[in-house]
Amino acid sequence: DGRLLQVEYGMQASKRGGPVAAFKTPNDDAILLAVSSPRNGGAIASSDKVHRIGEHIFMAISGLSGDGRFIAQHLRYFCQRHKLEYGEAPTVEEVAKEAADVQHFSTRRAGARPLGCTTIIFGADSTPSRKIGKKRLFRTDPGGIVEECVFAAAGRNEDDMLDELDKLHGKTKDELDSSGAKQRVSLWAQFVRAVLKKTTTEHTHEGNDQQDQSERDIGVDEGIDFWVMTTRAETDELLVRRVEAVTERNL
């Protein structure tokens with residue numbers, strides 16, 4: 001019936017990973033990333049989920065960490081080669097399409113298997129004047145599909161997260177337009193973090209035995225790791241920071 005079972009297995013592996021949610025604010029003030037990460041002795045370990053690809057480009061993954069590291073390493077080499085050959089860094093879209101090409105190639109290469117992770121790639125393009133351009137957000141899946149997004153989600157309870165982010169985007173846009181940039185980012189960040197916490201908590205308390213086993217395999221004792229990409233207005237410098245508490249002061 002046209003189904004590619006190996007690709008479906010890769011999709012299932014990515015959907016069993018820890019939840020990841022990303023959101024681009026309507027005013028292009030920031031890109032917000034919330035990652036559900038297992039706690040290790042009280043600290044949140046997220047090194048396997050968020051990767052720096054280039055100067056202005058980052059990648060978050062949900063699914064098999066080893067496959068995510070493989071894609072990240074390939075994309076770093078791609079960025080270096082692009083800069084050597086063309087004298088400029090690739091755009092966020094070019095990096096996202098390269099990630100999708102890697103995932104698609106693994107589905108048709110003899111002796112290979114589909115990569116079991118979904119990537120969320122976000123960053124800002126550089127302009128000819130070396131200023132920071134528009135922030136962009138992409139999502140790729142194990143089948144090689146790439147799409148540009150206003151918001152994206154991956155991992156456990158992905159569909160519920162997308163529904164909540166869709167409601168958030170439509171409900172609060174007009175309410176925040178009149179606020180200052182830092183205040184808007186702070187409020188958006190709190191909303192996105194609440195979405196991830198809500199959907200993760202609901203999934204944890206479901207009574208299905210199969211889901212409980214999946215959670216035991218991955219680890220239920222999770223915290224929320226939060227990343228914010230903003231532009232400093234005074235210097236047009238791109239700032240990417242990991243914040244413990246989402247407040248206007250921290251942004």
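Student: Of the contacts in the protein between residues at least 6 apart in sequence, what share joins residues at least 24 apart?
Tutor: Contact means heavy atoms within 4.5 Å. Among contacts between residues at least 6 apart in sequence, those that join residues at least 24 apart make up 62%.

Student: What kind of model is this?
Tutor: Residues are numbered from 1 along each chain as its sequence is written, and side-chain values use heavy atoms, with hydrogens and water left out. Local features need pLDDT of at least 70, side-chain atom pairs count only at pLDDT 80 or more, totals for chains, interfaces and linings use all residues, and the model itself is predicted.

Student: How many helices and strands does the protein have?
Tutor: Both are DSSP runs numbered from the N terminus: helices are H or I with at least four residues, strands are E with at least two. On that basis the protein has 6 helices and 11 strands.

Student: What percentage of the residues in the protein is buried?
Tutor: Buried means under 20% relative accessible area, exposed over 50%, and partly exposed in between, with a 1.4 Å probe and protein chains only. Of the 251 residues in the protein, the buried ones make up 47%.

Student: Which word describes how α2 and α3 lie to each other?
Tutor: Two packed helices are described by the angle between their axes and the distance between the axes. Axes are lines fitted to C-alpha atoms, for helices over the stretch in contact, and angles run from 0 to 180 degrees between N-to-C directions. Helix α2 (residues 65-86) and helix α3 (residues 92-108) pack at about 130°, with their axes 10 Å apart. Angles under 35 degrees count as roughly parallel, over 145 as roughly antiparallel, 65 to 115 as roughly perpendicular and the rest as oblique, so α2 and α3 are oblique.

Student: Is the crossing of α2 and α3 left-handed or right-handed?
Tutor: A crossing is left-handed if the near helix is turned anticlockwise from the far one by less than a right angle, and right-handed if clockwise. The crossing of α2 and α3 is right-handed.

Student: Which residue of α3 is in contact with H82?
Tutor: H82 lies in helix α2 and is buried, at 11% relative accessibility. Leaving aside neighbours within four places in sequence, H82 contacts G87, E88, A89, P90 and E94. Among the α3 residues that meet α2 is E94.

Student: How many disulfides does a search of the whole structure find?
Tutor: A disulfide is a pair of cysteine sulfur atoms within 2.5 Å. C79 is buried, with a relative accessible area of 11%, and C149 is buried, also with 11%. The number of disulfides found in the whole structure is 0.

Student: What is the C-alpha to C-alpha distance between A22 and A60?
Tutor: A22 sits in strand β1 (residues 20-24) and is buried, with a relative accessibility of 0%. Its contacts beyond four places in sequence include L32, I120, F151 and L165. A22 and A60 are 38 residues apart in sequence, and their distance in space is 9.1 Å.

Student: How far is P114 from M11 in space, C-alpha to C-alpha?
Tutor: P114 lies in the loop between α3 and β6 (117-126) and is buried, at 8% relative accessibility. Not counting residues up to four places away, P114 touches Q6, V7, S106 and T107. P114 and M11 are 103 residues apart in sequence, and in space 8.8 Å.

Student: What is the phi of N157?
Tutor: N157 is in the loop between β9 (151-154) and α4 (158-176) and is buried, at 16% relative accessibility. N157 is not a glycine, yet its phi is positive, about 60°.
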